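Me: I've just opened this one and I'm new to it. Could you walk me through some helix packing and a few aromatic rings?

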Amino acid sequence: MNTLLRLLPAVLLIAFPLIASGQAEVLQLQAAVPEQQSFSLSLQILVMMTLLTLLPAAVLSTSAFMRIIIVLSILRQALGTAQTPPNQVLLGVALFLTFFVMTPVIDTVWAESVNPYMAGSLSAEAAFNQGLQPLREFMLNQTRDSDVALFAGIAGYGDFESAAAVPTSIVIPSFMVSELKTAFQIGFLIFIPFLVIDLVVSSVLMSMGMMMLSPMLISLPFKIMLFVLVDGWAMLLGSLAASFYT
C-alpha cells in the first residue's frame with residue numbers, strides 16, 4: 001500500500017512537470033515574442049485532464065507491465081482455457097507484479113525527485129529531469145543495443161558515447177521493442193511443453209480411430225494437471241520478476 005501511495009505523485013510529476021501544486025491561479029508562459037500569454041485555471045485543468053487520458057498508456061509502456069501481460073496472455077493461450085483466467089484477473093496480476101518490480105524505481109523517484117519538489121528545494125523542471133533518470137536507467141537495462149541502434153539510425157543519430165547520451169525519445173521505443181521480443185521469447189518457451197501434450201494426445205486419438213473427438217478436450221486436463229504439479233504460477237511469476245533484475 002505504501003508503494004501504491006508513492007506511485008501516484010511520482011507518476012504525475014514525471015508526466016506533468018509544468019503543473020505546480022496549488023500555486024498561482026494562472027500559468028505564465030513566455031512566448032517567442034516579448035509579450036506573455038496567460039492561461040486561466042479552467043484551461044489548465046482542461047489540458048491536464050486531456051493529458052491524463054494518455055497517462056495509462058505512457059506508464060504501461062515504460063514499465064514492466066508490457067512483458068508481464070503478454071507472457072500471461074500467451075500462457076492462457078497455451079493452456080487452451082479460453083477466458084480462464086479472465087482478463088480482469090490477468091490485468092490485476094500483471095499490475096501488482098509490475099508494482100513489485102518497479103518498487104526500487106518508484107522509491108528512487110520519490111526520494112530524489114518528488115520529496116525535494118514538494119519541499120520546495122527543486123523546481124518542476126529540475127524535479128522532472130531528476131525523476132526521469134531512474135526510469136531511463138531501468139529501461140536501458142532491459143533494452144538491447146541493437147534496438148537502440150535501430151531507432152537511432154532512423155532518427156539520424158550516430159553512435160552514442162554513453163547510455164546517458166541516448167535521448168529519451170530513442171530510449172522509450174527501443175525499450176518497447178525489446179520488451180516485445182523478450183515477452184515472445186518467454187512465451188515460446190512456455191508454449192513448447194503444452195504443444196507436446198497436444199501432439200501426443202492428437203496422435204493417440206488418431207491411432208485409436210477417434211478422429212471426431214477434439215484433442216483439445218482431452219489434452220486440457222493433462223495440461224492443467226502438469227501446470228499445477230510443477231507449481232507453474234509461482235515458477236512463472238517468480239521467473240518473470242527475476243528477469244528484470246538480471
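Reply: Phe194, Ile197, Asp198, Val201, Ser202 and Leu205 in H8 meet Pro215, Met216, Ile218, Ser219, Phe222, Lys223, Leu226 and Phe227 in H9, where contact means heavy atoms within 4.5 Å. Helices here are DSSP runs (H or I, at least four residues), numbered from the N terminus. This is a predicted model, where local features need pLDDT of at least 70 and side-chain atom pairs count only at pLDDT 80 or more, while totals for chains, interfaces and linings use all residues. Residues are numbered from 1 along each chain as its sequence is written, and side-chain values use heavy atoms, with hydrogens and water left out.

Me: At what angle do H8 and H9 pack?
Reply: Axes are lines fitted to C-alpha atoms, for helices over the stretch in contact, and angles run from 0 to 180 degrees between N-to-C directions. For H8 (residues 168–207) and H9 (residues 215–229), the axes are 9 Å apart and the angle is about 140°.

Me: Is aspartate 198 buried or exposed?
Reply: Aspartate 198 sits in helix H8. Leaving aside neighbours within four places in sequence, aspartate 198 is in contact with Met216, Ser219 and Lys223. Buried means under 20% relative accessible area, exposed over 50%, and partly exposed in between (1.4 Å probe, protein chains only). With a relative accessible area of 17%, aspartate 198 is buried.

Me: What kind of aromatic pair do phenylalanine 96 and phenylalanine 99 form?
Reply: Rings of Phe, Tyr and Trp (its six-membered ring) pair if their centres lie within 6.5 Å; planes under 30 degrees apart count as stacked, over 60 as edge-to-face and the rest as tilted. Both residues lie in helix H5 (residues 87–119), three residues apart, about one turn of the helix. At 5.8 Å centre to centre and 90° between the planes, the pair is edge-to-face.

Me: Which residues form one aromatic cluster?
Reply: Phenylalanine 138 lies in helix H6 (residues 124–141) and phenylalanine 175 in helix H8, so their pair ties together parts that are 37 residues apart in sequence. The aromatic cluster is formed by Phe138, Phe175 and Phe244.

Methods:
Helix = DSSP H or I, 4+ residues; strand = E, 2+ residues; numbered from the N terminus.
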